[in-house]
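Biologist: I am new to this structure and would like to learn how to read it. Could you walk me through it with me asking as we go?

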Amino acid sequence: MKQFLFKITLSIVIVISMSCQPRGTSQNSSSDNSIITLEKIGKIVPKNSSEITSSPFGIQAGTLVDSLVARAAEIGVKWTRLGASWSEVENEKGVYSWENTDKAFEIALKNGITPFITVGGGNSDYSKMTTYDDPKLAEIYGYRPEPPIKDPIAMEAFLKYVEAVVERYKDKIDYWEVWNEPNHRNYWGAEPDGKEYGRLLVQTAELIRKIDPGCKIIGGAMAGINAEFTDDFLSVGSDKLIDIISYHNYGAVPEERVYAAIDLWEVINKYNPKIELWQGECGYPSHSSSRDFRGRAPWGLNIQAKWLLRQSFIDTYFCKAAMSNYFKLVHPYGKGEKQARFNLRPIDKIFGFPDRGGSRVRTKGVNEKCLLTNPDFDEKPGFYAYQNLCAVWKPEYKPNVVDYKMEVVDQGIFYGIGEEDDAFPSVPLLATFSDKDGNNLVAWWLPWNAQEYLPKLAKINIEMKGINFTDPVMLDPLTGEVYEIKVMNNELGCIFNNTFLADYPFIVVERKTIKTN
């Protein structure tokens with residue numbers, strides 16, 4: 001497996017250095033369509049999470065195995081989402097089990113990663129079990145207990161469990177998230193109702209705040225981004241109690257979430273502009289055979305890596321999220337498991353189970369959104385891509401919106417992009433970040449459906465106002481290779497002529513801000 005993955009990564013290097021002819025020292029006019037050459041200066045050196053003071057990037061580990069959680073620290077992430085599920089903590093009425101949560105929280109903290117903890121989930125000891133009316137959906141999702149807010153006795157038990165969790169961990173944990181995807185029928189355990197969730201959130205947040213006044217409370221944890229649902233749960237008083245709203249926006253391309261995020265911010269600002277926004281859980285499968293969210297064809301190891309990189313910039317720049325958490329590191333079981341199929345039509349037996357627009361078609365098997373393979377735990381290209389992104393990031397970087405213009409010089413294989421096509425996803429995107437010392441990070445990409453291989457990249461000219469570079473270098477985060485890049489500075493800003501454009505971000509930073517070998 002390691003040899004196979006190495007060949008894939010190597011092929012990307014060949015594409016960039018041969019098919020696209022690595023960029024040259026010559027920076028010519030926009031009419032120049034000559035071969036670009038690049039001088040490679042080395043590879044970026046990864047950083048362990050323990051070496052990084054802060055970062056907006058996280059990963060959900062999906063395991064309590066110490067050696068595997070340590071692999072998350074090798075990426076350089078600073079956040080992870082962990083659960084203290086009600087039904088797992090209290091799997092017998094009145095008896096709380098702490099073995100798994102003790103271990104999980106301790107492993108994350110000792111590896112330099114900050115956990116945020118999800119409390120919630122129904123408990124069948126207190127609430128009746130329900131499922132979908134649609135037999136196909138019932139077959140996929142199974143049964144879930146109703147939310148405790150529907151029954152006073154269940155709610156009393158739920159709050160006792162929350163109290164026990166927060167009391168036990170308040171000296172170690174600073175971030176508490178209330179429920180998982182309450183706007184999703186499967187996870188809420190009933191038809192979603194924003195005001196109903198809001199009442200549960202208010203009672204839970206009041207209790208947590210009483211026990212741990214200095215903590216941060218996260219609400220929402222929404223499936224997707226739902227402004228109307230958010231309006232409902234904020235309208236019943238939770239806006240005064242929570243610090244953060246989180247979302248989980250799975251989709252074919254991460255850029256589509258930006259439109260919904262704008263609507264969400266309008267709701268947040270209406271109630272409490274001090275509330276932060278987080279992306280708390282989201283990833284993309286490398287294989288079509290994935291359980292849970294499946295995405296749309298094509299699938300591929302490099303496609304997954306590109307999606308991850310694009311998500312990271314979309315969340316932190318365009319969605320204005322203070323944290324972006326990838327789902328997930330590893331799924332250590334499930335290989336070979338198949339979903340039961342009792343409701344197939346004759347045509348389904350020929351074409352396969354009907355696609356659901358990228359939504360899950362099964363809950364059995366391996367979750368291929370992971371960055372480690374199953375069962376070998378080898379690194380996929382996305383593991384290294386995330387590692388490279390974390391290594392290039394300075395803790396002080398903040399979004400810095402600048403005026404810019406991008407001119408397509410050569411379309412490469414992206415047919416039709418340029419002046420003739422002014423519609424999403426054929427308009428190149430650019431994200432800019434700066435620190436207080438004047439160091440800048442710039443990333444640009446084309447938000448097409450990602451391809452596994454690119455035989456020829458596009459070329460563009462980039463003109464940015466308000467920022468300059470002194471000694472820039474360009475990082476290809478898929479490979480970790482760092483290249484020389486020439487800049488033209490003037491009194492208005494800077495210009496990069498004849499540079500690459502691909503379906504994933506290239507990154508330019510000051511040479512002094514990174515370490516290469």
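This is a predicted model: local features need pLDDT of at least 70, side-chain atom pairs count only at pLDDT 80 or more; totals for chains, interfaces and linings use all residues.

Modeller: Here we take up confidence, aromatic rings, charges over rings, a helix pair and some backbone features.

Biologist: What pLDDT does the protein average?

Modeller: pLDDT is the predictor's confidence in each residue, from 0 to 100. The protein averages 92, and 93% of the residues score at least 70. Over residues 1–34, however, the pLDDT is below 50. Beyond near neighbours in sequence, that stretch has 82 contacts in the model (a contact means heavy atoms within 4.5 Å).

Biologist: How many aromatic pairs does a search of the whole structure find?

Modeller: Rings of Phe, Tyr and Trp (its six-membered ring) pair if their centres lie within 6.5 Å; planes under 30 degrees apart count as stacked, over 60 as edge-to-face and the rest as tilted. The search finds 38 such pairs. One of them joins W79 and Y175, edge-to-face, at 5.1 Å centre to centre with 85° between the planes. Helices (H or I, at least four residues) and strands (E, at least two) are DSSP runs, numbered from the N terminus.

Biologist: Are W79 and Y175 buried or exposed?

Modeller: Both are buried. Buried means under 20% relative accessible area, exposed over 50%, and partly exposed in between (1.4 Å probe, protein chains only).

Biologist: Why is the pair of Y284 and F293 edge-to-face?

Modeller: Because their planes stand at 65°, with the ring centres 6.0 Å apart. Y284 is buried at 2% relative accessibility, and F293 is buried at 12%.

Biologist: Which charged residue lies over the face of F353 at 4.0 Å from the ring centre?

Modeller: A charge sits over a ring if NZ of Lys or CZ of Arg is within 6 Å of the ring centre and within 35 degrees of the ring normal. Here R341 is the residue at 4.0 Å. K136 also lies over the face of F353, at 5.9 Å from the ring centre.

Biologist: How do I read a pair of helices?

Modeller: Two packed helices are described by the angle between their axes and the distance between the axes. Axes are lines fitted to C-alpha atoms, for helices over the stretch in contact, and angles run from 0 to 180 degrees between N-to-C directions. Helix α6 (residues 152–169) and helix α8 (residues 194–211) have axes that come within 10 Å and cross at roughly 35°. Residues of α6 including F158 and V162 meet residues of α8, among them L200 and L207.

Biologist: Which residues does a cis peptide bond with omega of about -5° join?

Modeller: F327 and K328. K328 is found in the loop between β11 (323–327) and α12 (348–351). Another cis peptide bond, with omega about 10°, joins N374 and P375.

Biologist: Where does E181 lie?

Modeller: In the loop between β7 and α7 (185–188). E181 has a positive phi of about 50° although it is not a glycine, and E181 is buried at 6% relative accessibility. K320 also has a positive phi, near 60°, but K320 counts as exposed at 59% relative accessibility.

Methods. Residues are numbered from 1 along each chain as its sequence is written. Side-chain values use heavy atoms; hydrogens and water are left out.
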